[in-house]
Amino acid sequence: MSIRDMLLRSDLSLTPSEEKIVQALLTDYPTAGLGTATALAKRAGVSDPTVVRLVMKLGFEGYPGFQAKLLAEVEARLHSPLLMMEAKRLESGSTADGIATSYLRSVVACLDRTITGTPAMSYERAARLVSEAKGSVFLLGGRFSRHIAGMLGGYITQLRSDVHDIGVLSAQSFDQLIDMDKRDVLVVFDYRRYQRDVVAFAEQAAARGVKILLFTDPWLSPISDYAEVTLSSSIDVASPYDTLAPAVGQIEALAAHLIARMDDDTRARIEALEGVRERNGVTFDNTRSGAGDTPSNETSVRTQPGPKNTRQEPKP
């Protein structure tokens with residue numbers, strides 16, 4: 001079993017400090033583990049003894065044994081014919097596939113790196129943070145990532161109350177800090193080039209005791225210094241623009257964890273929400289002709305796919 005596989009084991013129980021080391025190792029694997037234990041500890045923001053405890057938990061007698069195993073993996077990869085063939089295949093096929101397909105393949109590769117770059121336990125800790133918050137859950141993002149924050153807010157709103165999407169930050173947005181305290185959770189999305197106002201808001205929220213759940217890239221937003229849980233995703237693709245597709249996958253993975261933790265109160269909330277939607281004919285599947293306030297001249301189920309045509313031609 002490779003060290004990467006050891007770090008991603010679902011049965012590996014980690015303390016928050018140990019999880020920071022795992023995050024540092026997976027973010028820049030295997031390079032992060034090729035230096036000294038002190039360098040790795042400094043990179044992860046933990047103590048040297050914490051690094052030693054983690055490698056012993058993985059089954060090594062000490063850091064030298066851990067590093068020897070890592071070096072053996074590096075040597076094997078450098079001499080792997082399969083790795084060489086894969087590299088050539090991707091290079092020769094990058095133009096034959098066409099621009100769109102080549103780009104989408106790079107997104108898939110990016111998603112694969114994200115899967116192996118975040119410990120499975122981090123999603124469970126993130127789910128606990130959100131579901132067990134005694135106060136409110138606030139969501140915040142940058143110019144592009146705020147849209148993903150809104151998507152996650154849409155999921156969470158169905159599962160619990162007191163969810164607030166802050167949206168575009170303004171001077172008035174900072175006024176919300178006065179009502180935030182240690183009962184609350186702030187979910188932040190911040191990717192390179194990190195936004196000063198987003199970082200400032202998160203820093204001030206953390207100073208008030210608010211727990212921070214951070215979604216960021218492998219280089220880590222400055223907010224990671226205050227975050228209770230950090231979920232990083234790869235963002236490099238065949239484009240001048242970074243991709244946020246893996247981040248969307250991560251919020252859906254978090255939603256899956258939240259649903260797995262669903263209790264009777266949450267189930268009752270969803271049922272009540274569906275009742276509201278049915279009453280108001282929100283979607284086609286819960287629109288019934290003549291039911292409630294739904295106009296009787298609307299059909300309950302459409303027989304043809306595609307967008308609704310409001311001006312239909314008479315049949316011949």
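**Reading a residue and its sheet**

A: In this predicted model, Ser-232 is buried, with a relative accessible area of 5%.

Q: Which residues is Ser-232 in contact with, leaving aside its neighbours within four places in sequence?

A: The contacts of Ser-232 are Gln-23, Thr-27, Thr-114, Gly-117, Thr-118, Thr-216, Asp-217, Pro-218 and Gln-250. With Gln-23, a polar contact of 2.8 Å is formed between the two side chains.

Q: In which strand is Ser-232 placed, and how should I read the sheet?

A: Strands of a sheet pair through backbone hydrogen bonds, either parallel or antiparallel. Ser-232 lies in strand S5. The model has an open sheet of 5 strands, paired in parallel, in the order S2-S1-S3-S4-S5. Its edge strands, each pairing on one side only, are S2 (163-165) and S5 (229-232). From one strand to the next, the twist averages 15 degrees.

Q: How many bridges join S1 and S2?

A: Strand S1, residues 137-141, pairs with S2 over 3 bridges in the parallel sense. As an example of a bridge, Phe-138 has His-164 in S2 as its partner.

Q: Which strands does helix H9 lie across?

A: Helix H9, residues 145-159, lies across S1, S2, S3 (185-189) and S4 (211-216). Relative to S1, helix H9 runs at about 160 degrees.

Definitions and conventions:
Residues numbered from 1 in each chain as written. Predicted model: local features only at pLDDT ≥ 70, side-chain atom pairs only at ≥ 80, totals over all residues. Heavy atoms only, no water. Pairing = 2+ DSSP bridges. Helix = DSSP H or I, 4+ residues; strand = E, 2+ residues; numbered from the N terminus. Axes fitted to C-alpha atoms, helices over the stretch in contact; angles between N-to-C directions. Contact = heavy atoms within 4.5 Å. Buried < 20%, exposed > 50% of the residue type's maximum accessible area, 1.4 Å probe, protein only. Polar contact = N/O pair within 3.5 Å; in protein donor to acceptor, adjacent residues only side chain to side chain.
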